[in-house]
Each structure stands twice: as C-alpha cells, then as structure tokens.
Amino acid sequence: VFSTRLVSLTRTLQDSNFEKVLSNLSDQVPYWSGGTRIGASLASFKTQYGNHLLNKDTIVLILSDGWDTGDLSILEDAMRFIHKKSEKVIWLNPLASHPNYSPETKGMEICLPYIDIFTSAHNLASLKAVARYIK
C-alpha cells in the first residue's frame, strides 16, 4: 500500500482477527490524506519487488484517484515496467463512479496507456464487481 511511500502490509493482513487488522492498518500506513506520491511508491515497488513478484500470471490492482504530487516521469516509467511484466493492470478509481468524472489529472493521463482495466471503486458493490476481472 502507498500514500507518500510504499509500505508492506503482508504481516498485518495475515492476522485472522479482522477488527485487529483494521485497527492496525492506520498505524502501519503513515500520512493518509497527505498527498500521494504514486510514481515514487510504484518505483520503490519496482525496485524492491518487481523482478521477483511480477510475471505474466500476476494481476496488479491499484486503488487510487490518480492525483500524484511527485515527478510524473517516474510514474510513467514505473507503470510501463509494471504493465510489461504483469498479465493485467487493474486501476480502481474511487472518483470514477461520478457521472461527470473524466480521468484528466496528469497522473491518470500518464497511467491510462498502461492500464488494462479502469473501473470504479466507490463502494463495496463496486469492489466486489472487480472479481470478474480476476481469473
């Protein structure tokens, strides 16, 4: 997961106590609502995990509104790499359900060529609907 930097939640999510997991998530991810550095976070993912976690059997899910406060060339490089190495990139945007929404932020414009499925993620039903894209 990322906000201003990449944070691994693997151990946190392995706990079988759902309430404990939820309460620990906010402790594990600093700077919620502090701006998003998508490119820098995905570049860190690329460097740390990309070559051994991504392959043509991997489906990458990104849940973000696409507002990046960092260097957009880093974002494009990371998205190009992730798209090339993965079977599919699915971008879930919580704003996409709005009738007047258009992916016009610079971050979204840069990412769109590297996204296989772009869809909404505004409520539980929309999140459940994503399952049809995952084989």
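1. Asp 77 and Arg 80 pair through their side chains in a salt bridge, at 3.8 Å from N to O. A salt bridge here is a side-chain nitrogen of Lys or Arg within 4 Å of a carboxyl oxygen of Asp or Glu. Both residues belong to helix 4, 3 residues apart, about one turn of the helix. Helices are DSSP runs (H or I, at least four residues), numbered from the N terminus.

2. Please keep the source in mind. This is a predicted model, where local features need pLDDT of at least 70 and side-chain atom pairs count only at pLDDT 80 or more, while totals for chains, interfaces and linings use all residues. Residues are numbered from 1 along each chain as its sequence is written, and side-chain values use heavy atoms, leaving out hydrogens and water.

3. Asp 77 also meets Lys 46 in a salt bridge, at 2.8 Å from N to O. This pair links distant parts of the chain, 31 residues apart: Lys 46 sits in helix 3 (residues 38–53) and Asp 77 in helix 4 (residues 72–85).

4. How accessible are these partners? Lys 46 is partly exposed at 22% relative accessibility, Asp 77 likewise at 37%, and Arg 80 at 39%. Partly exposed lies between buried (under 20% relative accessible area) and exposed (over 50%), using a 1.4 Å probe and protein chains only.

5. Lys 106 and Glu 109 form a salt bridge at 3.7 Å, N to O. Both lie in helix 5 (residues 106–111), 3 residues apart. Lys 106 is exposed at 55%, whereas Glu 109 is partly exposed at 38%.

Definitions and conventions: Helix = DSSP H or I, 4+ residues; strand = E, 2+ residues; numbered from the N terminus.
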